[in-house]
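Reader: I'd like to walk through a structure with you and learn how to read its features one by one. Could you put it up?

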Amino acid sequence: MLNRVRSAVAHLVSSGGAPPPRPKSPDLPNAPSAQTAAPPEAPRSPPARAGSSAPAKTVEARASFSRPTFLQLSPGGLRRADDHAGRAVQSPPDTGRRLPWSTGYAEVINAGKSRHNEDQACCEVVYVEGRKSVSGVPREPSQGQGLCFYYWGLFDGHAGGGAAEMASRLLHRHIREQLKDLVEILQDPSPPPLCLPSTPGAPGSSDASHLVGPQSCCSSQKEVTHESLVVGAIENAFQFMDEQMARERRGHQVEGGCCALVVVYLLGKVYVANAGDSRAIIVRNGEIIPMSREFTPETERQRLQLLGFLKPELLGGEFTHLEFPRRIQPKELGQRMLYRDQNMTGWAYKKIELEDLRFPLVCGEGKKVRVYDLTQYEHCPDDVLVLGTDGLWDVTSDCEVAATVDRVLSAYEPNDASRYTALAQALVLGARGIPRDRGWRLPNNKLGSGDDISVFVIPLGGPGSYS
């Protein structure tokens, strides 16, 4: 629906004010500015050239319009993609050079809701090179190799496309940065270390005992898995991206905000993170498995932690809003221990400081980013993960998507990689409808989606290796 108010997008929607500062930690670096965030990358699809007689304002607006690089749009193709009247469906060209994992993609511009298509998309294979050994023990030669993860992202912009375009370029780099310290840990089958060695010159404290209360229900250690470390890395990346957007907005370098739907495949598991009203589902042997939900505050733990973070005076100087797997001891000052804050359901490492010895405000578990273990099932080529912005889901149900999956894929040979692009196109066309006297209409004469529509189709069994 065109006038739908966005769900509370805590991570990737910057409404003008800067987010509160995060806990200081040398292993969680401040996000760089957009100009210096990362080495140069391939340019996006070039902006369409306006005619010489067009007003300067029109030229500027055209120059700000871009589409994902992998669409390989020429200036003429970009103009067609920006045509609200024709609403031509765009997909990567069938040149034999496909998206990673034979992923299918299709998109279409809105019917006049905004001047340009405010959705953006990214599909990458990202290599993570580990930092020097975080355990303090020299690595064996076999442990020195990094990790690769597959990455898909849909970004639904609003009040302008600047934030969505920025997130599509940089969010996967923030995830890579957060995973650098975890390369060695994730490659080790033993449980993750709760605490890492002190950094050189870390301050100790001989008078910190007054911050440590008697043993309580919080003294038992929580179970921390490799999976939860990846979840924490993704959550931290979302938060750093949000902070970077806030800085750019203050400098008027980025317009609007955006929702984000991100999929990371790493070490046999698929992680789906959503901030906003996009949606992801798995269709497996006809069964529908929801892999995201519209973003809302998820747990009482996070609400209380946020309250303690924003109003520390309510804690009376006796509690900390951060959560740790167990109580911290004074002798562990300066070491790096697992923690999570009000924005996280996974875990990350931070350096222990004096105030962290205070009694924890909350002891409990929250919901996690949705995780799907590909190694636990035998998938056929018709099993897919479908990602779509709200332009798809506003007029299409999960069951209708599943029916389209069955109808389209059954018309193609299982080893035909183009089948997934055909499915993405069918889903976009089905939600867009066809033009009639009273607007874009579906076959049942109901209004089609007038919003931007973007769809990824990721095959779960078929092309690609899950090792």
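Predicted model: local features only at pLDDT ≥ 70, side-chain atom pairs only at ≥ 80, totals over all residues.

Reader: Okay. How many disulfides does a search of the whole structure find?

Author: The general idea is that a disulfide is a covalent bond between the sulfur atoms of two cysteines. Here, the search of the whole structure turns up 0 disulfides. Take C258: it is in no disulfide, and the nearest cysteine sulfur, that of C259, is 6.9 Å away. A pair would need its sulfurs within 2.5 Å to count.

Reader: Is C259 buried or exposed?

Author: C259 is buried, with a relative accessible area of 0%. C258 counts as buried too, at 0% relative accessibility.

Reader: Why is β5 described as largely enclosed by the rest of the structure?

Author: Because 10 of the 10 residues of β5 (residues 257-266) are buried.

Reader: Which strands does β5 pair with?

Author: One partner is β3 (residues 147-158), in the antiparallel sense over 9 bridges. In that pairing, W152 stands opposite V263 in β5. Another is β6 (residues 269-275), again antiparallel, over 7 bridges. There, L266 stands opposite K269 in β6.

Reader: How many residues sit between the strands in the hairpin of β5 and β6?

Author: There are 2 residues between them, and L267 takes a positive phi near 50 degrees in this hairpin.

Reader: You mentioned K269. Which residue does K269 form a salt bridge with?

Author: General idea first: side chains of opposite charge can pair when their charged atoms come close. For K269 the partner is E227, with the closest N and O atoms 3.0 Å apart. The pair links distant parts of the chain, as K269 is in strand β6 and E227 in helix α5 (residues 226-250), 42 residues apart. At 22% relative accessibility, K269 counts as partly exposed, and E227 is partly exposed with a relative accessible area of 22%.

Reader: How many salt bridges does the structure hold?

Author: It holds 15. One of them joins R284 to E287, with the closest N and O atoms 3.2 Å apart. R284 is buried at 13% relative accessibility, whereas E287 is partly exposed at 41%. Another joins D356 and K350, at 2.7 Å between the closest N and O atoms, and both of those residues are buried. There's also a network of salt bridges that links R131, E177, K180, D181 and R336.

Reader: Let's finish with a loop residue. Where is the place of D452?

Author: Look in the loop between β16 (439-441) and β17 (453-459). D452 is buried, with a relative accessible area of 3%.

Reader: What does the side chain of D452 make a polar contact with?

Author: With the side chain of N110, at 2.7 Å. The backbone nitrogen of E118 also lies 3.0 Å from a polar atom of the D452 side chain. Beyond its neighbours within four places in sequence, D452 touches several residues, among them V108, H116, T389 and G391. As for R432, it is 20 residues from D452 in sequence and 9.0 Å away in space, C-alpha to C-alpha.

Notes. Residues numbered from 1 in each chain as written. Heavy atoms only, no water. Buried < 20%, exposed > 50% of the residue type's maximum accessible area, 1.4 Å probe, protein only. Helix = DSSP H or I, 4+ residues; strand = E, 2+ residues; numbered from the N terminus. Pairing = 2+ DSSP bridges. Salt bridge = Lys/Arg side-chain N within 4 Å of Asp/Glu carboxyl O. Contact = heavy atoms within 4.5 Å. Polar contact = N/O pair within 3.5 Å; in protein donor to acceptor, adjacent residues only side chain to side chain.
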